[in-house]
Amino acid sequence: SDLRRRVRDMEQRLQHERQDLRDISSAKCEAPLGVKTRTSCQEELRKEKKERERVEQEKEAIITDLQHKLDSMESDCEKVLHETLDSLTSRLAAARRGREDASGALHRNYTELLSEFGLNALDV
């Protein structure tokens with residue numbers, strides 16, 4: 001009976017030792033796997049950050065290009081507007097001079113007609 005008890009104790013110890021060995025082996029296997037997983041995740045994170053930065057730089061370049069085009073278009077429109085206004089102002093001035101000339105000629109003609117009839121234009 002003493003021997004059987006010692007055998008059982010030894011078997012339990014052996015079983016505990018085997019479990020401890022399995023735990024240690026498992027921990028050793030998981031540790032490199034954890035490190036590999038963490039390293040892999042960190043690498044993926046770095047790649048994602050670089051990709052995001054690249055996309056942001058591309059967007060900034062596109063925005064800058066579009067802003068430049070918008071400024072150019074604004075400048076062109078402003079130039080066309082000024083040219084159109086200058087042209088319109090010149091035409092209006094020419095039309096006014098023409099009207100004044102025509103009005104002056106008409107006034108002279110009526111003044112002459114009135115004076116032919118012996119009337120003074122200022123009296124009428």
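How many residues apart do Arg52 and Glu56 lie in helix α1? I found them four residues apart, about one turn of the helix. I note that the model is predicted, that local features need pLDDT of at least 70 and side-chain atom pairs pLDDT 80 or more, and that totals for chains, interfaces and linings use all residues. Residues are numbered from 1 along each chain as its sequence is written, and side-chain values use heavy atoms, with hydrogens and water left out.

I looked up the fold and read one helix and zero strands in the protein chain, where helices (H or I, at least four residues) and strands (E, at least two) are DSSP runs numbered from the N terminus.

I then searched the whole structure for salt bridges (a side-chain nitrogen of Lys or Arg within 4 Å of a carboxyl oxygen of Asp or Glu) and found five. Among them, Arg52 meets Glu56 at 3.6 Å, N to O, and Arg54 meets Glu51 at 2.4 Å, the latter two lying three residues apart in helix α1. Arg54 also meets Glu58 at 2.3 Å, four residues away in helix α1, and the shared partners join Glu51, Arg54 and Glu58 into one network.

For exposure I used relative accessible area (buried under 20%, exposed over 50%, partly exposed in between, 1.4 Å probe, protein chains only). Arg54 is partly exposed at 36%, as is Glu58 at 41%, and of the 124 residues of the chain 1% count as buried.
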